[in-house]
Amino acid sequence: MADEGGHVAEVHGGAESSAGKWILLLLAIIYAAGSGYFIFNLRQRVEQQSKDQTASTAQIAELSKRMQSAEADSEALATQLGMTKKELAARSAELQREQRAAEQRLSEEQKKQISAVSGDVANVKTDVGGVKTDVASTKADLAATQAKLQSAIGDLGVQSGLIANTREDLEALKHKGDRNYYEFTLIKGASPQPVSTVSLQLKKADPKKGKFTLNVTSDDKTIEKKDRNISEPIQFYSGRDHMLFELVIWSVDKNKAVGYLSTPKGAPVPVTPGA
């Protein structure tokens, strides 16, 4: 019996020893695998760092080469200009200062020009406002003048249009545009004076009584208008269409008479030289 117990204990101890060996072997394998992966990863990192260092070295070398080239170009330029590197640097700095100063002057000049243009625009606006005021004033004057104009019966018994008694009145009538108006000055004793398509000749003037006598030549016929009064409409027919012409004398002195001739819009117009 004792022999059987001792045999069982021996078998049990041998089994435990075999299991421990397998565990140690498994741990050794795991350790070896982990160590291999760590070594492989470390080697890759070392190789990558080596590549990065090589690229950095190449970049540094390229940068150094460019700096040397730039320095050589600077020295060559300085040599061509007959200047030292220090003088060249000073000249470059001076040129930069001049450029900045020129840019500042240009900016100030542009501001001045913009300010001047703004001022001109303001002046134009002021002038336009003044013109509008003048136009309004002129319209008011014309309205006042037209209010003073009067209508009368002519020497042929025909109702006349508005009568102008002054040059200002005549300007108002011209602005109305209803008829054609021709201002004239007749000298006593002078030859017949063409006015529009007729001729007028002053024969007599009496400034004290405000009377005058004149001849009207129209359609190859001469009509005497005798002892007429200032501002009296003198009427006659003229032309193939028998249109009513009208003249008014508003000023008479010893040797002169001033007035105007009025013709319908459809009446023939005088032929000007060179037309």
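The text below treats the model's confidence, then its sheet, its salt bridges and a nonpolar patch.

**Basis and confidence**

This is a predicted model, in which local features need pLDDT of at least 70, side-chain atom pairs count only at pLDDT 80 or more, and totals for chains, interfaces and linings use all residues. Residues are numbered from 1 along each chain as its sequence is written, and side-chain values use heavy atoms, with hydrogens and water left out. The predictor's confidence in each residue, pLDDT, runs from 0 to 100. Its average over the chain is 79, and 72% of the residues score at least 70. Confidence is lowest in strand β1 (residues 150–153), with a mean of 67, and highest in strand β5 (residues 198–206), with 96. Helices (H or I, at least four residues) and strands (E, at least two) are DSSP runs, numbered from the N terminus.

**The sheet around β10**

An open sheet is formed by 4 strands with antiparallel pairing, in the order β3-β10-β9-β8. Its edge strands are β3 and β8 (234–238), each of which pairs on one side only. On average, neighbouring strands of this sheet are turned by 25° against each other, direction ignored; the angle is taken between N-to-C directions, on a scale from 0 to 180 degrees, with axes as lines fitted to C-alpha atoms. Two strands count as paired if DSSP finds at least two bridges between them.

Strand β3 (residues 180–187) and β10 run antiparallel and are joined by 8 bridges. Along this pairing, Y182 stands opposite L261 in β10, and L186 stands opposite A257 in β10. Strand β9 (residues 243–252) also pairs with β10 in the antiparallel sense, over 6 bridges. Here V248 stands opposite Y260 in β10.

How many residues of strand β10 are buried? In strand β10 (residues 256–263), 7 of the 8 residues are buried, so the strand is largely enclosed by the rest of the structure. Buried means under 20% relative accessible area, exposed over 50%, and partly exposed in between (1.4 Å probe, protein chains only).

**Salt bridges**

The structure holds 4 salt bridges, defined by a side-chain nitrogen of Lys or Arg within 4 Å of a carboxyl oxygen of Asp or Glu. The table lists examples.

| Pair | N to O distance |
|---|---|
| E183 and R167 | 2.5 Å |
| K176 and D178 | 3.8 Å |
| R228 and E232 | 3.9 Å |

The side chains of E183 and R167 meet in a salt bridge. This pair links distant parts of the chain, with E183 in strand β3 and R167 in helix α3 (residues 167–176), 16 residues apart. E183 is partly exposed, because its relative accessible area is 32%; R167 is partly exposed as well, at 43%. In the K176 and D178 pair, K176 counts as partly exposed at 36% relative accessibility, and D178 counts as partly exposed at 47%.

**A nonpolar surface patch**

Which residues make the nonpolar surface patch? I23, L24, L26, L27 and I30 make the patch, with an area of about 530 Å². Patches consist of residues with over 30% relative accessible area and no salt bridge; like charges are joined within 9 Å, and nonpolar side chains (Val, Leu, Ile, Met, Phe, Trp, Tyr) within 5 Å. Accessible areas come from the Shrake-Rupley method with a 1.4 Å probe, and for residues only the protein chains shown count as cover. I23 lies in helix α1 (residues 2–81) and counts as exposed, because its relative accessibility is 53%.
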